[in-house]
Amino acid sequence: MTGAGVALREFTADDLDAVSKVYGDPHVVEHLSFEPRSRERVAATLSHLIDAAGHEPRVEYSLAVADAASGEVIGVARLAVDVQHPGQSSAQLGFASRPDRWGGGLAAETGRLLFRLGFEDLGLHRLWGARSPDNVAAARLMAKLGMVEEGRIRGHLRVRGAWRDSVVHSILEDDWRGAF
């Protein structure tokens, strides 16, 4: 799936160095639910993501975010179908990219590509994401994408030895079709 600036594609084992630059960077994971990951941990994660792509039915779409012009992997995008409530037709999404690519509109484009995947390709009704309350950039991005802030989940995640809240945003298929 390709946009003007980024393309989403399946991961390969050759993406280890690029994914390590994302998941191993303290600035990138500052607002995520995990600490910076070692190269070995990223290798295990990448192996899991590649394996999950082959499951049937597929419920996890973890994809490489590549620069559309060069093909260089600059981030990670994820859409995970909510299987704990069968028939609800929803999925959680998220994405992260290298700091040197922040501020250029690529995150918004990645979000729009994930919306296409969820609504057009998978026929889902609702996409949602959760962010750290301190992640102001993510709040602005989600609003720009047309996602509605639904509320705060108190004490949602234990991160870096402390409980952290999460703020949930969502977009419905009808909202997306009307906006894009």
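Predicted model: local features only at pLDDT ≥ 70, side-chain atom pairs only at ≥ 80, totals over all residues.
The residues that are buried within α5, which spans residues 136-144, are A138, L141 and M142. Viewed along the helix axis, these buried residues of α5 fall within an arc of 95°, and they therefore line one face of the helix. An α-helix has 3.6 residues a turn, so residues three or four places apart point the same way. The face of α5 turned away from the buried side carries R140, A143 and K144, which are exposed. After α5 comes G146, whose phi is positive, near 90°.

| Side of α5 | Residues |
|---|---|
| Buried | A138, L141, M142 |
| Turned away from the buried side, exposed | R140, A143, K144 |

The largest nonpolar core holds 25 residues, of which L8, L79, L114, F115, L127, M147 and I171 touch the most other members. Two or more residues of this core are given by each of β1 (6-9), β2 (60-67), β3 (73-81), β4, α4 and α5, with the largest share, seven residues, coming from α4.

What does L79 touch, when residues up to four places away in sequence are not counted? The contacts of L79 are V59, E60, Y61, A91, Q92, L93, L114, L117, G118, L122, L124 and L127.

Note on methods:
Residues numbered from 1 in each chain as written. Heavy atoms only, no water. Buried < 20%, exposed > 50% of the residue type's maximum accessible area, 1.4 Å probe, protein only. Helix = DSSP H or I, 4+ residues; strand = E, 2+ residues; numbered from the N terminus. Arc of directions from axis to C-beta. Core = buried A, V, L, I, M, F, W, Y, C linked by side-chain atoms within 4.5 Å. Contact = heavy atoms within 4.5 Å.
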